[in-house]
Amino acid sequence: MIRRYVKKWLHLPSCTTDHLFYTSTAMGGLGLPRLSKSAPCSRINTKRAVLNSKDENITSFVKTTGIEDEIRDTADKLNIRIPSNPKQPATWRKNEEKEWAAQPAAGKGRKHFEHKCSNSWLQAGSKYLREGDIISALQVRADTYPTRVALARADGREDITCRRCKTAPETGGHISGHCPAMKGYRINRHNGIVETLCDRLKSKGWLVSKEPQMRDAEGKLWIPDIIAVKDGKAVLIDPTVVYESNGDALSRANQAKVRKYLHLVPVIKEQFGVTEVTVRGLAVGARGGWCKGNAKTMEIVGLNDKGLHSFICRFALRGTLNLLRIFTDGRGPGARTATAPMGL
Ligand SMILES: [Zn+2]
């Protein structure tokens, strides 16, 4: 009932995964109550408390009543998780995340949203996104944003080719990451993250070179996004925005950046007069996802500030929402985007 109302209120299509509603907000859902699970779950916890009573007379008596089978049956039926440690309560919400992640379309990229910084815009009372953007963001997260591919799943339409470039199926990933018609907006989204990082690095005392030009031993020109120098050490950081797909797309993107720039280490040493060079990528999800390895990168440069990590995730998400809106509204590249950095 609540779910149906919220679906209507948020203009989410009826095919939207239920797990979006019940997964906790910290993990990228709406954290709604689910009485059909929460009530039996608390009954299970009461029964477990009796079963694990310190009074052996009580425990041996209740065991004869079949209470253990009852707990197991209810837990299996409702997918309630029972921890092996009797002191930990049984839970149902954690399994919502798992079931969501297992869904072929709606669960794509889910692991990237299992970081608090990816979901700051979902926290109660947060005003980071406007109402219309929240609805679009939820659609993007549940893979129901009305691209032709998503619409075909709902209404069976045959033409799923990108309405702009006509070269690939029109998916969120194509529009966000590959469609040539959206190139300018993609660059704006990326540049906004680079600018934010440069500003924050400078505030931490790093000497920052944005897009420095350097030539490798073969004379080939390379232009990484950022080289930050402090105390005889340099850190090359090359941010990238990646659409969260199956597997560990963001980690792979970070590794690819290291492979791309590692050979520049001797050049950086010479050009910047440093003795130590670290090469890092900073892959941010187009749908606001985050990657565990990014925390390490931010720690290396002293930007281990969760507020900043959340800001970067929101910035990428807002850039993608803007890009998708421009794509579907039919405005051409070159129009102003709404991706100017927001205040922290
Ligand atoms: Zn296209």
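Where does Asp231 lie? In this predicted model, Asp231 is placed in the loop that links β4 (226–230) to β5 (233–242). Its phi is near 50°, a positive value in a residue other than glycine, and with 8 C-beta neighbours inside 10 Å Asp231 counts as exposed. A positive phi, of about 55°, is also found at Asp143, likewise not a glycine, which sits in the loop between α7 (131–141) and α8 (148–155).

The protein chain as a whole comprises 14 helices and six strands, and its C-alpha atoms fill a box of roughly 80 × 50 × 35 Å when taken along the principal axes. Of the 344 residues in the chain, 37% are buried. Among the contacts with a separation of 6 or more, 64% are made by residues 24 or more positions apart.

The domain assignment divides the protein chain into domain 1 (2–106) and domain 2 (107–344), and the C-alpha centres of these two domains lie 35 Å apart. Where the domains meet, 20 residues of domain 1 are in contact with 20 residues of domain 2. On the side of domain 1 that touches domain 2, helix α6 (residues 93–101) gives the most, with three residues, and the residues of that side divide into 13 nonpolar, six polar and one charged.

Helix α10 (residues 183–203) and helix α14 (residues 306–329) pack at an angle of about 160°, with their axes 9 Å apart. Because an angle over 145 degrees counts as roughly antiparallel, α10 is described as roughly antiparallel to α14. The crossing in which α10 passes α14 is right-handed. On the side of α10 the contact is made by Tyr185, Arg186, Asn188, Arg189, Gly192, Ile193, Thr196 and Arg200, while α14 contributes Leu308, Ile312, Phe315, Ala316, Gly319, Thr320, Asn322, Leu323 and Ile326. By class, the residues in this contact of α10 with α14 comprise eight nonpolar, six polar and three charged.

Note on methods. Residues are numbered from 1 along each chain as its sequence is written. This is a predicted model: local features need pLDDT of at least 70, side-chain atom pairs count only at pLDDT 80 or more; totals for chains, interfaces and linings use all residues. Axes are lines fitted to C-alpha atoms, for helices over the stretch in contact, and angles run from 0 to 180 degrees between N-to-C directions. Helices (H or I, at least four residues) and strands (E, at least two) are DSSP runs, numbered from the N terminus. Angles under 35 degrees count as roughly parallel, over 145 as roughly antiparallel, 65 to 115 as roughly perpendicular and the rest as oblique. A crossing is left-handed if the near helix is turned anticlockwise from the far one by less than a right angle, and right-handed if clockwise. Two residues are in contact if their C-beta atoms, placed from the backbone, lie within 7 Å. Ala, Val, Leu, Ile, Met, Phe, Trp, Tyr, Cys and Pro count as nonpolar, Asp, Glu, Lys and Arg as charged, and the others, Gly among them, as polar. Domain bounds come from an automatic or database domain assignment. A residue is buried if 20 or more other C-beta atoms lie within 10 Å of its own, exposed if 12 or fewer, and partly exposed in between; C-beta atoms are placed from the backbone.
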